[in-house]
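Please find below some notes on the assembly, written to be read beside the coordinates. They take the arrangement of the chains, then the interfaces, then the ligand sites.

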Protein chains: 4
Amino acid sequence: TNGVLLSIDDYHQVAKKKLPKMVYDYYRSGADDEITLNENENAYRRIKLKPSVFVDVSIHETDENSCKTHVLHGKSEISFPVIIAPTAMQRMATDLGEKATARAAVRANTIMILSTLATTKLEDVAIEHKKALTEHPGSISQLWYQLYILKDREFTKNLVQRAEQSGYKAIVVTVDAPRLGNREADRRNTFRLPENMQMENLLDPLKEVKNTDTKVSALNDYFVRQVDASLTWKDITWLRSITKLPIIVKGIIKKEDALLAIRANVDGIVVSNHGARQLDTTISTIESLPEIVQAVRSIDKNIEIYIDGGIRRGTDVLKALAFGANAVFVGRPIIWGLTVNGEEGVLNVLNILKKEFKLAMMLCGCPTLDDVNESILAINNKHTISKL
Amino acid sequence: TNGVLLSIDDYHQVAKKKLPKMVYDYYRSGADDEITLNENENAYRRIKLKPSVFVDVSIHETDENSCKTHVLHGKSEISFPVIIAPTAMQRMATDLGEKATARAAVRANTIMILSTLATTKLEDVAIEHKKALTEHPGSISQLWYQLYILKDREFTKNLVQRAEQSGYKAIVVTVDAPRLGNREADRRNTFRLPENMQMENLLDPLKEVKNTDTKVSALNDYFVRQVDASLTWKDITWLRSITKLPIIVKGIIKKEDALLAIRANVDGIVVSNHGARQLDTTISTIESLPEIVQAVRSIDKNIEIYIDGGIRRGTDVLKALAFGANAVFVGRPIIWGLTVNGEEGVLNVLNILKKEFKLAMMLCGCPTLDDVNESILAINNKHTISKL
Amino acid sequence: TNGVLLSIDDYHQVAKKKLPKMVYDYYRSGADDEITLNENENAYRRIKLKPSVFVDVSIHETDENSCKTHVLHGKSEISFPVIIAPTAMQRMATDLGEKATARAAVRANTIMILSTLATTKLEDVAIEHKKALTEHPGSISQLWYQLYILKDREFTKNLVQRAEQSGYKAIVVTVDAPRLGNREADRRNTFRLPENMQMENLLDPLKEVKNTDTKVSALNDYFVRQVDASLTWKDITWLRSITKLPIIVKGIIKKEDALLAIRANVDGIVVSNHGARQLDTTISTIESLPEIVQAVRSIDKNIEIYIDGGIRRGTDVLKALAFGANAVFVGRPIIWGLTVNGEEGVLNVLNILKKEFKLAMMLCGCPTLDDVNESILAINNKHTISKL
Amino acid sequence: TNGVLLSIDDYHQVAKKKLPKMVYDYYRSGADDEITLNENENAYRRIKLKPSVFVDVSIHETDENSCKTHVLHGKSEISFPVIIAPTAMQRMATDLGEKATARAAVRANTIMILSTLATTKLEDVAIEHKKALTEHPGSISQLWYQLYILKDREFTKNLVQRAEQSGYKAIVVTVDAPRLGNREADRRNTFRLPENMQMENLLDPLKEVKNTDTKVSALNDYFVRQVDASLTWKDITWLRSITKLPIIVKGIIKKEDALLAIRANVDGIVVSNHGARQLDTTISTIESLPEIVQAVRSIDKNIEIYIDGGIRRGTDVLKALAFGANAVFVGRPIIWGLTVNGEEGVLNVLNILKKEFKLAMMLCGCPTLDDVNESILAINNKHTISKL
Ligand SMILES: Cc1cc2nc3c(=O)[nH]c(=O)nc-3n(C[C@H](O)[C@H](O)[C@H](O)COP(=O)(O)O)c2cc1C
Ligand SMILES: Cc1cc2nc3c(=O)[nH]c(=O)nc-3n(C[C@H](O)[C@H](O)[C@H](O)COP(=O)(O)O)c2cc1C
Ligand SMILES: Cc1cc2nc3c(=O)[nH]c(=O)nc-3n(C[C@H](O)[C@H](O)[C@H](O)COP(=O)(O)O)c2cc1C
Ligand SMILES: Cc1cc2nc3c(=O)[nH]c(=O)nc-3n(C[C@H](O)[C@H](O)[C@H](O)COP(=O)(O)O)c2cc1C
């Protein structure tokens with residue numbers, strides 16, 4: 001690559017070389033045979049576009065904000081519809097870890113979602129974020145907080161309230177992880193945090209995550225002991241009772257659950273299979289999006305629909321939006337940026353996606369985000385399909 | 001793999017290294033070009049899941065018996081819906097052979113089906129099984145007996161009655177092998193039993209299975225001489241007349257035959273293509289299951305439907321059950337366990353499947369086996385399919 | 001392979017090693033990018049079987065003639081529904097060439113179709129065939145004659161009459177070769193017959209087939225000069241006027257042409273794409289068979305339908321018959337047998353196919369050829385297909 | 001290949017060896033992950049033919065003009081339905097560049113479309129073309145001019161008028177390139193024109209195309225500065241106002257745009273995705289052709305429909321015509337011919353395509369271009385498809 005990193009994959013390849021195997025495996029891998037890991041990406045490759053031409057798309061060059069969008073019903077604004085997904089333990093990628101990501105979020109003018117399993121205190125990330133906002137006064141970046149509801153509800157309540165007090169603007173509850181998926185790479189590596197790090201926001205974190213048994217990753221061990229496998233939609237009511245923040249539910253893959261989410265009155269859902277790290281052979285997220293959008297939009301125009309998993313190109317973002325998503329989250333791409341070059345790396349990764357996304361909009365004949373809809377997708381193409 | 005065996009495939013790889021080529025080939029191979037051998041596994045990989053989230057699945061951690069199920073209409077109970085398929089000549093894998101498997105069945109609390117072509121006397125397997133039951137008093141394991149109906153009906157009758165007297169609880173008649181399939185690997189190896197073993201339950205076993213012609217496996221030779229190619233459903237009537245045991249018919253692949261099985265009043269059917277060892281390009285078992293379940297269930301709620309072939313992961317078990325199977329059989333996985341570590345190996349393999357299956361249930365939002373149904377499968381997904 | 005040849009592919013591999021590249025390439029290759037060459041075989045692999053079980057199939061062991069069938073409305077009989085396709089220049093494979101094939105046809109009790117482009121005089125092949133029939137009095141083998149209608153109609157008439165007088169029992173007119181396909185391998189090799197051979201039945205054969213231009217195979221050169229590209233169905237009328245022999249038309253791929261063949265009153269058609277040697281990306285023969293059978297059988301019960309292209313296994317023969325073919329032709333498999341071991345090799349290849357075909361019938365639950373029909377195919381499987 | 005080049009791919013392989021990497025990459029590559037680049041070719045491979053047989057196709061040997069066709073409603077005539085697509089900077093392939101291509105167009109009796117980004121003055125190409133026409137008096141070759149509408153409309157107007165005055169017979173407006181696609185190969189190579197060349201017809205060409213920034217190809221740089229991203233169908237009206245030449249719009253991929261083109265009263269459209277160089281994962285051109293043809297022909301019988309992208313074989317041309325195209329354009333094949341052997345190379349490439357196309361017509365049973373229609377395609381093959 002001649003030292004010049006042009007694509008998300010370039011960042012991935014350099015990160016792969018840079019990271020210790022145990023860390024790289026943790027970041028990269030998926031559950032079981034990684035069928036869904038591959039499918040998340042491949043499904044996007046199978047979806048074909050039908051660009052419109054001869055449309056005035058010059059706005060994307062004259063207006064810096066041509067891709068700006070609102071989320072959370074206008075309470076939040078991002079420079080383009082890509083949000084930083086919550087990913088655990090970012091200090092294994094680079095020393096500044098979650099702080100570096102937060103700074104990049106500010107500079108890219110987007111939202112960072114902090115993981116419950118962060119290796120930095122949530123208050124420290126918030127302070128760093130505020131500092132960066134001061135340095136970059138134009139930015140309207142926000143922090144959101146990803147929550148695993150733990151068996152210990154008092155502790156969980158405390159986490160949520162600490163987040164609220166520190167200025168996080170939404171709670172993203174992950175609902176697809178009553179237990180950790182079977183990540184064999186981590187088990188082979190007896191994955192554990194390096195000596196000098198811990199999950200800073202958790203109970204007795206050091207003890208919990210140090211594990212020397214073979215065949216068990218320390219993270220898995222932690223989940224079994226702390227994470228609550230008995231959660232139901234009623235717990236959303238409880239969550240509402242302890243926080244005023246908007247609530248987004250992350251990990252929906254079927255329309256029936258999306259409808260339950262609406263009934264539970266959440267503010268948004270994330271169509272996600274947890275980056276294929278939970279249950280292998282789960283359907284790819286982009287393939288499950290259409291029926292969710294259809295079911296949801298037929299009864300609710302307001303709830304927001306995000307999607308993550310496998311997004312590596314601007315065209316992937318475009319496709320997700322064309323199928324009806326409000327915005328997308330990216331997980332691993334951020335990790336690779338962080339690994340390669342810390343804050344700058346994350347910013348670069350986001351800029352690559354933004355540039356590719358803008359170009360995709362131009363070449364598809366979409367001056368504004370409102371023009372991005374199913375008409376640019378080669379679907380329902382009965383004539384072609386029956387013919388070929 | 002660092003010496004730690006995490007998956008069925010890990011066991012397969014180690015077994016491959018340990019076994020003489022002739023034996024490994026016999027255990028692994030399929031008919032002709034092994035298209036169905038691959039399809040049996042690949043068909044599972046193509047089936048996608050749609051997990052439900054936010055369901056209380058903690059029972060799988062609090063209740064050891066969360067996956068326990070009944071078979072044979074409650075006459076039998078197993079700790080999870082996986083049964084040991086009948087596989088021939090297990091002493092080639094490990095010295096204790098069928099006895100070791102029987103002991104592992106007791107410890108795993110499941111059913112072992114002994115093959116007619118066992119390298120251990122059926123009575124000896126029964127004695128070992130009883131001994132193990134005494135050592136593990138909590139276990140409710142059973143033995144079933146797999147039957148090839150031989151030309152010599154008196155001898156066949158004798159086999160069945162020996163099995164009944166020794167405490168085997170059901171007869172599993174294999175109906176897909178009027179002749180042995182074209183297993184070229186065995187023919188190239190002039191497959192024969194090692195000197196110190198024989199098919200202990202058969203007529204003049206030593207003479208029959210020793211064969212020095214090229215291009216013919218000894219087993220094939222045996223089949224031509226002894227196995228009856230003229231069987232029809234009327235022979236089930238005969239079988240009923242000589243035994244009180246429940247009768248299960250193994251090797252059904254089309255719904256018409258499933259209906260004939262109902263008419264013949266059998267207690268259960270096994271949707272099986274004999275592990276792809278008989279007729280190559282036969283449809284994969286999981287792809288033939290749905291139409292069989294539909295046809296059978298529309299006229300009979302009681303007959304049990306099992307399936308085998310290609311099950312290597314907990315998600316495979318889950319899918320088979322979601323399509324309507326009562327339980328699954330596994331063949332080669334047991335052989336790999338037996339090869340790697342005898343009784344312990346088989347137990348480990350079963351424990352891996354159980355653990356994976358439980359996790360799959362948790363991650364799919366299924367607290368009980370009754371929750372495992374088509375709603376977790378990404379099928380009839382008209383919207384998505386027409387779109388992509 | 002340990003010196004033991006078990007399958008058609010074994011023969012292919014040994015032949016590949018034995019033949020000079022120019023000859024091997026001529027025999028093996030197809031037109032352009034060989035997409036149809038691969039498809040002819042792969043289409044069979046995609047078609048899945050649904051065996052019936054518990055059917056008395058012992059007849060295949062007790063009755064040598066269990067697969068015997070009639071062709072040409074009973075005028076001809078073959079020991080199993082596989083016929084030797086016409087292939088040119090067999091003396092390049094083995095010195096005795098077409099004579100060896102004819103002898104093997106006698107011993108295998110099937111029909112050999114001699115190519116117009118044979119390297120042996122058609123009268124000599126007929127004499128050898130008769131000699132072999134005397135040596136094997138039980139055989140009912142026949143010779144048929146494959147015809148290219150040449151520009152020189154007098155010469156063509158002469159060929160047909162020589163064939164009729166020599167005892168050939170049918171004329172197989174090849175209609176898919178107004179010109180030779182673009183066989184790049186032959187062009188790269190400047191393919192030509194070895195010095196000591198010629199196309200013995202053709203005009204000025206030596207001169208015509210010797211060609212030293214680059215980029216042109218001698219055969220191609222011959223075609224341009226001699227073969228008539230202006231043929232139409234009217235030429236069948238002409239052919240009828242010069243011979244009493246049954247006429248079979250070889251090279252039909254679309255149903256419209258099959259209907260024209262019926263109107264032209266021919267006795268049989270061969271669904272063929274010339275072994276993928278003519279027009280690349282032509283649909284595979286087995287995929288075009290169903291609509292041809294349907295169209296033809298709805299108006300004519302008598303015309304016979306053969307098929308060739310890509311048949312390498314007994315299950316392929318079974319599938320072709322299940323879709324409605326009366327018998328199949330095999331081309332390259334015969335060439336590989338001839339190359340490896342002359343007459344014996346061809347006999348072996350036919351015996352392998354017969355043995356595999358019989359076993360496939362047994363394992364599919366088909367006691368007689370009449371039982372081989374669409375019910376053994378996994379088609380129209382709406383339920384399964386919509387589900388998976 | 002023994003020094004003999006038989007196919008377009010042979011030319012590609014030799015060209016690959018001959019060209020500097022930067023130039024080869026520029027010519028070969030596509031946008032992003034080159035999914036559409038592969039699809040453009042693979043889609044043709046998936047389309048299967050159903051040849052008619054026993055049709056008199058001898059005309060293709062007796063009549064040199066059997067494939068001659070008219071374009072632009074008879075105003076133009078070409079020896080076979082293949083036209084030279086506009087490709088930029090041909091002097092990187094061979095010193096004489098666009099002049100050599102023009103000469104080959106004359107000798108092959110077809111149309112050459114000159115790119116706006118040519119490395120030769122459009123007047124010089126026209127002079128060379130006229131010279132060649134004098135040398136080959138039988139030829140009826142034409143030049144057409146491909147236009148990028150630049151921000152500087154005066155300059156653009158000047159270009160069009162220079163073309164008209166020099167004898168170019170049509171304007172081909174490229175509408176799929178408001179910006180250059182993300183061609184990573186060019187970015188990695190910091191693609192720029194060699195020192196001794198420039199885009200001869202453009203403003204301040206030398207300065208514009210010399211760029212030493214990393215991560216940006218000079219061409220990309222040029223596009224951002226000069227090409228107008230605000231074009232709409234109204235600009236066709238403007239174009240009409242400045243020239244009398246027929247106007248063809250290049251880069252249509254969806255039927256809605258084809259209908260807009262009709263409304264804008266253009267003379268022809270080119271179904272094109274710019275050789276997969278603009279937006280990756282755009283649907284392949286041949287897969288988008290059927291619905292465009294259907295939509296267009298239901299309201300307009302006259303507008304001409306061309307297609308380009310991925311055509312490498314005579315059968316590809318045949319398929320495009322069978323789906324309703326009037327003629328096809330070829331881009332890269334011409335470049336490979338030019339690289340390997342200049343004028344002769346281009347002529348050879350065109351002759352290969354012509355020979356293959358004629359042979360495909362013969363083998364498909366099409367005496368005239370009017371016989372080339374959907375009846376030769378294996379589509380709408382409901383019976384087969386539902387069965388397999
Ligand atoms: C290394 C890693 C750690 C993750 N940690 C969390 C987490 O702590 N909480 C959570 O809800 N999701 C977590 N995820 C899932 C991401 O939020 C997101 O769903 C996923 O990464 C999206 O797929 P992508 O990586 O293909 O973009 C993690 C993903 C990765 C790759
Ligand atoms: C080595 C081996 C021996 C087998 N022997 C028998 C047998 O004696 N009787 C029988 O009914 N099935 C036999 N089978 C088939 C199994 O019962 C079962 O149908 C098959 O193994 C299931 O497929 P799987 O191996 O992919 O799990 C055998 C299978 C294998 C692999
Ligand atoms: C080497 C070779 C030569 C052939 N020569 C002729 C021929 O002279 N006349 C003819 O009608 N078909 C000829 N064919 C086509 C065969 O008759 C038959 O259609 C084809 O081989 C069937 O495909 P298969 O080789 O896959 O079995 C030839 C095929 C091959 C492979
Ligand atoms: C090297 C190269 C340069 C091209 N330059 C132009 C151009 O200047 N203007 C244009 O309209 N199309 C241009 N194209 C697109 C071609 O006109 C055409 O659409 C495409 O090459 C067709 O695909 P093919 O190369 O697979 O035949 C270019 C294509 C290539 C490969």
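1. A salt bridge is counted here where a side-chain nitrogen of Lys or Arg lies within 4 Å of a carboxyl oxygen of Asp or Glu. By that rule, 6 salt bridges cross the interface of chain D and chain A. The model is a predicted one, and the distances quoted below should be read as computed from it.

2. One of the salt bridges between chain D and chain A pairs A:D10 with D:R188, with 2.8 Å between the closest N and O atoms. The interface of chain D and chain A also has 16 residue pairs in polar contact, both residues being at pLDDT 80 or more.

3. On the extent of this interface: chain D contributes 43 residues to the contact and chain A contributes 40 residues. The area buried between chain D and chain A is about 3800 Å², and carbon and sulfur atoms account for 59% of it. The size of an interface is often expressed as the accessible area lost when the parts come together.

4. The interface of chain B and chain A can be described in like terms. Here 40 residues come from chain B and 43 residues from chain A. Chain B and chain A bury about 3800 Å² between them, with 59% of that area on carbon and sulfur atoms.

5. Between chain B and chain A there are 6 salt bridges. Among them is the pair A:E291 and B:K50, whose side chains meet with an N to O distance of 2.5 Å. Polar contacts between chain B and chain A come to 16 residue pairs, both residues at pLDDT 80 or more.

6. Do the copies meet through different surfaces or the same ones? Only 5% of the interface residues of chain D are also interface residues in chain A, so these copies meet through different surfaces. For chain B the figure is also given against chain A: only 5% of the interface residues of chain B are interface residues in chain A, so here too the copies meet through different surfaces.

7. Two chain pairs have no contact. Chain A and chain C are not joined by any contact, and their closest C-alpha atoms lie 12 Å apart. No contact joins chain B and chain D either, the closest C-alpha atoms of that pair being 12 Å apart.

8. Ligand 1 is surrounded by 23 residues, and the closest are A:P86, A:S115, A:T174, A:D308 and A:R312. An oxygen atom of ligand 1 lies 2.6 Å from a polar side-chain atom of A:D308, and an oxygen atom of the ligand lies 2.7 Å from a backbone N or O atom of A:P86. A polar side-chain atom of A:Q146 is 3.3 Å from a nitrogen atom of ligand 1. Ligand 1 exposes 600 Å² when taken alone, and the protein buries 99% of that. By class, the shell around ligand 1 has 8 nonpolar, 10 polar and 5 charged residues.

9. Around ligand 3 there are 23 residues, of which C:P86, C:S115, C:T174, C:D308 and C:R312 come nearest. The side chain of C:S115 has an N or O atom 2.7 Å from an oxygen atom of ligand 3, and for the side chain of C:S272 the corresponding distance to an oxygen atom is 3.4 Å. A nitrogen atom of ligand 3 lies 3.3 Å from an N or O atom in the side chain of C:H274. On its own ligand 3 has 600 Å² of accessible area, and the protein covers 99% of it.

10. The side chain of D:R312 places an N or O atom 2.8 Å from an oxygen atom of ligand 4. A backbone N or O atom of D:G309 is 3.5 Å from an oxygen atom of ligand 4. The protein covers 99% of the 590 Å² of accessible area that ligand 4 has on its own.

Key:
Residues are numbered from 1 along each chain as its sequence is written. Chains are lettered from A and ligands numbered from 1 in the order in which they are written. This is a predicted model: local features need pLDDT of at least 70, side-chain atom pairs count only at pLDDT 80 or more; totals for chains, interfaces and linings use all residues. Side-chain values use heavy atoms; hydrogens and water are left out. A residue is near a molecule or strand if one of its heavy atoms lies within 4 Å of it. A polar contact is a pair of N or O atoms within 3.5 Å; within protein, one must be able to donate a hydrogen and the other to accept it, and residues adjacent in sequence count only if both atoms are side-chain atoms. Accessible areas come from the Shrake-Rupley method with a 1.4 Å probe; for residues, only the protein chains shown count as cover. Ala, Val, Leu, Ile, Met, Phe, Trp, Tyr, Cys and Pro count as nonpolar, Asp, Glu, Lys and Arg as charged, and the others, Gly among them, as polar. Contact means heavy atoms within 4.5 Å. Buried area is the accessible area (1.4 Å probe) that two parts lose on being put together, summed over both.
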